[in-house]
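Welcome! Have a look at the structure first, then try each task before reading on.

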Amino acid sequence: YEIASCLVGSEMCIRDSVLAEDTETLDEVVVIGYGVQKKVNLTGSVSSVKGDALERRPVADATQSLQGMVPGLLVSNSNTGRPGASGTLTLRGQGNLDNNANPYILVDGVEMSLSDVNPNDIESISVLKDAAASSLYGSRAANGVILITTKKGQIGKPVVTLKAEVGFTPCWATDNYETASVQENVNMLYTVFHDARTSGKGETDEKAAAYAIGQLNSRFNKHGYQFTTNGTGAYENVNILEYDNSGRGGKYYDWDKAYFRTAIYQTYDMSVSGATQNTNYYTSLSYTQDEGRLKMNSFDRVSGRLNLTQKVGKFLELTTNASLARTKKSGYNDTRNTGSN
């Protein structure tokens, strides 16, 4: 609006102009296979997840960070239990004949494995769930498409980000039962052998006791043990003796201590980003180590990324998206399915 102040009898006027603010909210945009569109104008079935929602989840694999974030996307954890084992993504059920339900995954337009992507580098994730994905990407998109866009710099001063996460899985996480002692184990075995003769074959307690003691001695005599009982009943207390003075009689080997540990999860991230009128850059370096409760299971990953865009003159723009990942998985790997042929 305009305010005017004029002197009477004079042609000179002083005018003050004031700009009125008119605030409007921009529509949310979604990255899809053929560019960027406003979400309100998008006709296909697309779900979007922002990168800051993924950063709040302390996981080593981006697959696990998607769990519960996208409607219709089922994330099944690996049945191996190994650290770093990628889960299975199922979108709209089974879509092909080769027993592969995983969607087509593209990171900045390049096909990659999610286990090689640092979750902290992700800017947004778009999930294409309908038949339109097949028209864009062909038969590879039969199970849907997951498009991942990594971060870029923002205009202003360079931003340096440091992030560290440490977690642990203590022994009491799986310490559910108290282990039977050596005496309790031997007494149980004696009862089993004794019952196999009395209930199974109708023999007397004397014959069953002799058989049970004979079975124990035949199995453990070579390890320096010798067993006797004071009676012939099924629930006698077995005497654990030594005949070679080895000092091993009645000793218990702690298998839990030998196999398991307090597992440590740690990840360290550093990124530098920024932008000017002509240059946009984002670079990161990350190290992740995830230990399993089983001592032989571990996961190590070192990853780095460089996103660089440089304008040359008015009509030329050069873009480089480079990523490097070194992943090491070690330990017990049992992927057999014993529930079906």
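**Exercise 1.** Among contacts in the chain between residues at least 6 apart in sequence, what percentage join residues at least 24 apart?

*Solution.* Before we start, note that this is a predicted model, where local features need pLDDT of at least 70 and side-chain atom pairs count only at pLDDT 80 or more, while totals for chains, interfaces and linings use all residues. Residues are numbered from 1 along each chain as its sequence is written, and side-chain values use heavy atoms, with hydrogens and water left out.

Step 1: a contact means heavy atoms within 4.5 Å. Step 2: of the contacts between residues at least 6 apart in sequence, 57% join residues at least 24 apart.

**Exercise 2.** Find how many helices and strands the chain has, and what share of its residues is buried.

*Solution.* Step 1: helices (H or I, at least four residues) and strands (E, at least two) are DSSP runs, numbered from the N terminus. The chain has 6 helices and 18 strands. Step 2: buried means under 20% relative accessible area, exposed over 50%, and partly exposed in between (1.4 Å probe, protein chains only). Of the 341 residues, 32% are buried.

**Exercise 3.** Describe helix 4, from its span to its surroundings.

*Solution.* Step 1: helix 4 covers residues 182-201, 20 residues in total. From first to last C-alpha it reaches 28 Å, close to the 28 Å expected at 1.5 Å a residue; the expected span is 1.5 Å times one less than the number of residues.

Step 2: look for a bend, the angle between axes fitted to the seven residues ending at a residue and the seven starting there. Helix 4 has a kink of about 30° centred on D195.

Step 3: its buried residues include V182, Y190, F193 and R197. Among the elements covering the buried residues of helix 4 are helix 5 (205-220), strand 13 (225-229) and strand 14 (238-242).

Step 4: just after helix 4, G202 takes a positive phi of about 70°.

**Exercise 4.** M270 and S271 both need a label: is each one buried, partly exposed or exposed?

*Solution.* Step 1: locate them. M270 is in strand 15, and S271 is placed in strand 15 too.

Step 1: M270 counts as partly exposed because its relative accessibility is 41%. S271 has a relative accessible area of 12%, so S271 is buried.

Step 2: check the neighbours. Leaving aside residues up to four places away in sequence, S271 touches V159, V160, T161, Y282, T283 and S284.
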